[in-house]
Amino acid sequence: MSEFLENSIDLGKRILLDRSIVTLFPLDDVVEDCINTGENVPEEKENYFPNCDASIWLRSCKKEVIEPLSGEVTGKIPIWLKGTLLRNGPGSLEVGKYSFNHLFDSSALLHRFAIANGKVSYQCRFVQTDVYKKNNAAQRIVVTEFGTKAVPDPCKSIFQRVAAVFKPGDDSDNSMISIYPFCDEYYTFAESPVIHRIDPKTLETKGRVNISGYVGIVNHTSHPHVMNDGTVYNIGMSLTPRGPMYNVVCFSPNQIVIDDSGEEKELSMFEQATIVASVPSRWLLNPSYMHTFGITENYFIIIEQPLAVSLTTIVSCKVKQQPMRAALKWHEKENASESYRRKNFHLFLD
């Protein structure tokens with residue numbers, strides 16, 4: 001493992017951030033300004049996470065570990081313990097001479113821990129997202145992220161830059177939050193509707209799937225639920241003439257069907273994606289921010305919390321090329337709303 005650590009840099013030391021987890025999720029531009037100027041961040045009045053060393057998350061991986069690297073074991077791992085742990089998360093806060101201003105913008109890095117015969121090996125590789133490849137090719141931050149503004153292309157005129165704002169498909173596909181199985185395939189997730197298929201043994205990126213191409217949603221949660229039979233459920237938001245809708249999307253396991261010509265055809269989970277339940281947002285222009293949801297044997301449990309996303313601010317951020325974090329809105333006087341949705345009815349509890 002020491003080889004990996006030697007090839008990573010501690011970005012926290014370079015930009016003089018302290019070790020409080022609060023600095024990873026700034027609510028204003030204080031940290032951003034400090035990153036740009038190199039000044040010290042004002043001390044936090046209270047450290048709410050004293051046992052969390054946030055500098056670990058601020059490291060940037062400089063070299064992928066493609067071939068398994070044997071780890072040094074402290075203690076003893078039972079011989080009967082055998083398996084693989086896959087993790088996904090922030091891997092690099094640097095692009096060329098530029099730095100991301102928010103942990104959520106860090107390039108997605110996959111980790112693989114293989115455990116067998118009392119030993120552990122380690123591998124890591126970056127998810128080859130479109131935004132990762134664009135950033136590295138240009139050696140600058142090409143796409144505006146959740147907390148970081150894109151660096152303008154010096155070769156483009158002001159008119160070309162304005163036109164680029166309205167170019168479709170330029171949103172970030174940095175799927176750096178989680179990994180979930182779809183049948184025998186594994187995909188990396190974030191909250192955009194784009195996911196990436198990876199090889200669970202080599203960590204190679206094998207493909208890219210835009211869920212919006214199969215079912216009408218504009219985003220989804222990064223933590224779907226996988227049932228015992230392989231069915232996957234997730235919550236995705238759609239924009240309708242009646243306003244935002246929270247939709248439960250069902251991905252059924254692959255199945256063989258007979259097409260119109262009488263030939264057998266295998267339908268993928270994505271081709272079978274269907275919306276099985278929908279609940280309208282109580283705020284017309286401010287749908288709730290949803291990171292996950294609950295599920296029981298009979299119900300889908302959707303929590304509509306007061307932390308919402310301002311659709312009008314998103315449009316403004318898009319036009320001004322400002323980070324999307326400004327679109328989060330807190331309804332201070334509102335309570336969370338719970339929706340229990342099943343096939344034939346739904347119930348709201350405020």
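A: Let's start with a term. Strands here are DSSP runs of E, at least two residues long, numbered from the N terminus. Two of them pair if DSSP finds at least two bridges between them. And keep in mind that this is a predicted model.

Q: OK. What sits in the hairpin of β9 and β10?

A: Two residues lie between the strands, and Cys183 takes a positive phi near 55 degrees. β9 and β10 are antiparallel and share five bridges. Pro181 stands opposite Tyr186 in β10.

Q: How many bridges join β10 to β11?

A: Three, and the two strands run antiparallel. They form a hairpin too, with four residues between them. Tyr187 has Arg197 as its bridge partner in β11. For Thr188, the partner in β11 is His196.

Q: What holds strands together in general?

A: Strands of a sheet pair through backbone hydrogen bonds.

Q: Back to Tyr187. Buried or exposed?

A: Tyr187 is buried, because its relative accessible area is 3% and the cut-off for buried is under 20%. Phe182 is buried as well.

Q: What kind of aromatic pair do Phe182 and Tyr187 form?

A: An edge-to-face one. The centres are 5.5 Å apart, with 75 degrees between the planes. Tyr187 also pairs with Phe270: those ring centres are 5.3 Å apart and the planes stand at 80 degrees, so this pair is edge-to-face.

Q: Which parts does the pair of Tyr187 and Phe270 tie together?

A: Tyr187 lies in strand β10, while Phe270 is in the loop between β18 (264-267) and β19 (274-280), so the pair ties together parts that are 83 residues apart in sequence. Phe270 counts as buried, at 7% relative accessibility.

Q: How many aromatic pairs are there in the whole structure?

A: A search finds 12. Ring pairs link a cluster of Tyr180, Phe182, Tyr187, Phe189, Tyr214, Phe251 and Phe270.

Q: Which residues touch the most other members of the largest nonpolar core?

A: Phe182, Tyr187, Ile195, Ile211, Phe251 and Phe270, out of 15 residues in that core. β9, β10 and β16 (243-251) are the elements that give two or more residues to it. Another core lies apart from it, with 11 residues, including Val279 and Phe293.

Q: What does Ile211 touch, beyond its neighbours within four places in sequence?

A: Ile211 is in contact with Pro193, Ile195, Ile217, His220, Phe251 and Phe270.

Q: New topic. What joins β17 to β18?

A: Four bridges join strand β17 (residues 255-258) to β18, and the two run antiparallel. Ile256 has Glu266 as its bridge partner in β18. The two strands form a hairpin with five residues between them, and Gly262 in the turn has a positive phi of about 85 degrees.

Q: Last one. Where is His331?

A: In the loop between β23 (328-330) and β24 (337-341). His331 is buried, with a relative accessible area of 13%. Leaving aside neighbours within four places in sequence, His331 is in contact with Trp283, Asn286, Pro306 and Ala308.

Notes
Residues numbered from 1 in each chain as written. Predicted model: local features only at pLDDT ≥ 70, side-chain atom pairs only at ≥ 80, totals over all residues. Heavy atoms only, no water. Core = buried A, V, L, I, M, F, W, Y, C linked by side-chain atoms within 4.5 Å. Buried < 20%, exposed > 50% of the residue type's maximum accessible area, 1.4 Å probe, protein only. Contact = heavy atoms within 4.5 Å. Phe/Tyr/Trp six-rings, centres within 6.5 Å; stacked < 30°, edge-to-face > 60°.
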